[in-house]
Amino acid sequence: MLLRAGMLSVWVKDERRRIAAAESHGENPLEAAERDELLRLRRQVAELEKDNAFLVKASAYFAAMQKNRPGSL
């Protein structure tokens with residue numbers, strides 16, 4: 001895997017900022033496994049939010065279709 005210098009620089013800055021933020025609150029920074037789990041959970045939440053948005057749109061669509069059926073109220 002090849003890392004560009006710019007990308008590595010950004011990663012180092014982000015990592016230092018993350019460690020400083022944790023220390024300023026008297027907490028230990030997340031370990032690599034904890035960060036990976038957090039990222040996995042964030043991706044899962046994003047997917048669930050997309051699913052929910054789709055279901056809201058689908059529900060509205062089917063409700064509108066039900067109103068437009070002949071013989072419906």
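User: Is Met 65 buried, partly exposed or exposed?
Analyst: This is a predicted model, where local features need pLDDT of at least 70, side-chain atom pairs count only at pLDDT 80 or more, and totals for chains, interfaces and linings use all residues. Residues are numbered from 1 along each chain as its sequence is written, and side-chain values use heavy atoms, with hydrogens and water left out. Buried means under 20% relative accessible area, exposed over 50%, and partly exposed in between (1.4 Å probe, protein chains only). Met 65 has 40% relative accessibility, so Met 65 counts as partly exposed.

User: Which helix holds Met 65?
Analyst: Helices (H or I, at least four residues) and strands (E, at least two) are DSSP runs, numbered from the N terminus. The protein chain has two helices and zero strands. Residues 32-67 make up the one with Met 65, helix H2.

User: How far apart in space are Met 65 and Val 10?
Analyst: In sequence, 55 residues separate Met 65 and Val 10. From C-alpha to C-alpha, the distance in space is 50 Å.

User: What percentage of the 73 residues is buried?
Analyst: The C-alpha atoms fill a box of roughly 65 × 35 × 20 Å along the principal axes. Of the 73 residues, the buried ones make up 4%.
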